[in-house]
Amino acid sequence: MTSISSFVPACSAQGVARVYGRGDAEVRALDGVSVAFARGRFTAIMGPSGSGKSTLMHTLAGLDGVDSGRVILHGDGRRADVEISTAPDAVLTELRRDRIGFVFQAFNLLPVLTARDNILLPMRLAGSRPTPEWFDEVTGRLGLTDRLDHLPHEMSGGQQQRVAVARALLPQPDVIFADEPTGNLDSQSGGEVLSMLRSSVRETGQTVVMVTHDPVAASYSDRVVLLADGRLAGEIAQPTADSVIDAMRDLRTSRTVVPVR
Ligand SMILES: Nc1ncnc2c1ncn2[C@@H]1O[C@H](COP(=O)(O)OP(=O)(O)OP(=O)(O)O)[C@@H](O)[C@H]1O
């Protein structure tokens, strides 16, 4: 486990540009973004609508390509560094199966599978299985032990999202990318999901990178990275909901926030 002060990158973007459209319709969704996300930490990406948050997350996760720059998934001694931005599709498919986990706003559970089978599916597809102890620990921590034989439609939104979090945590991926994971939840269920992500970082050293619009959600993270107009606009260490609200207000009025390391 890393010490509290060390910053070991789990993934990084280096001078990344992503341009959509041409001519008058050209949009520079990412315009030279260089940022690293620390291993074993919970980082939130925030910024106004259209600032490039989803594009950054998609390029980091290999769901979208880059026009220039590099995206690296860093190794940890056991696993090698991989340049995501030039990796062939077959490698990206493998990485998304083995080293990258996802939690989406829309849960994305298979409706015909029980919670247990949804949780186990990615590992089964990869031809592996968790130890019973690890499965019990993850599902127990997420409060799913007595819901494992239920189908998604028999569960609340919060329970479904906890199933999605369990599915992402189980293979112990290098990074979990969470895209507005609480966007479809009431504040209590959302708080539960965020607490689970938080404790997976604190207790098992999981790395989480989350896009959110919600300052309260961002306050569960260790660090907020701010984007504006496809560029880095600052960062907040140990954010609180108030410090995030202030920074977002400053961004809208184009004042400098905090310089990015
Ligand atoms: N596939 C695409 N084709 C054309 N333009 C796109 C595409 N995807 C994103 N964009 C544009 O790129 C810019 C950044 O979009 P992105 O979705 O990354 O922003 P965001 O910060 O996640 O926004 P929101 O908070 O509204 O979800 C926007 O101007 C958007 O319209």
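I started at the end of α1, where Gly-62, just after the helix, takes a positive phi of about 75°. A reminder to myself: this is a predicted model.

Next I looked up how α1 sits in the fold. I found 6 of its 8 residues buried, so α1 is largely enclosed by the rest of the structure. For the record, the buried ones are Lys-53, Thr-55, Leu-56, Met-57, Thr-59 and Leu-60. I counted a residue as buried when 20 or more other C-beta atoms lie within 10 Å of its own.

Then I turned to the ligand. Which residues are around the ligand? I listed Tyr-20, Gly-21, Val-27, Ala-29, Gly-47, Ser-49, Gly-50, Ser-51, Gly-52, Lys-53, Ser-54 and Thr-55. Two or more residues of this shell come from each of β2 (27-38) and α1 (53-60). Sorting the shell by class, I got 8 polar, 3 nonpolar and 1 charged residues.

Last, I stepped back to the whole chain. I noted 8 helices and 10 strands. The radius of gyration is 18 Å, close to the 18 Å that the globule rule gives for 261 residues, so the chain is as compact as a globular protein of that length. Along the principal axes, the C-alpha atoms fill a box of roughly 50 × 40 × 40 Å.

How much of the chain counts as buried? I wrote down 42% of the 261 residues. Among contacts with a separation of 6 or more, 69% join residues 24 or more positions apart.

Key. Residues numbered from 1 in each chain as written. Predicted model: local features only at pLDDT ≥ 70, side-chain atom pairs only at ≥ 80, totals over all residues. Near = placed C-beta within 6 Å. Helix = DSSP H or I, 4+ residues; strand = E, 2+ residues; numbered from the N terminus. Nonpolar A, V, L, I, M, F, W, Y, C, P; charged D, E, K, R; others polar. Buried ≥ 20, exposed ≤ 12 C-beta atoms within 10 Å, placed from the backbone. Rg over C-alpha atoms; globule rule 2.2 N^0.38 Å. Contact = placed C-beta atoms within 7 Å.
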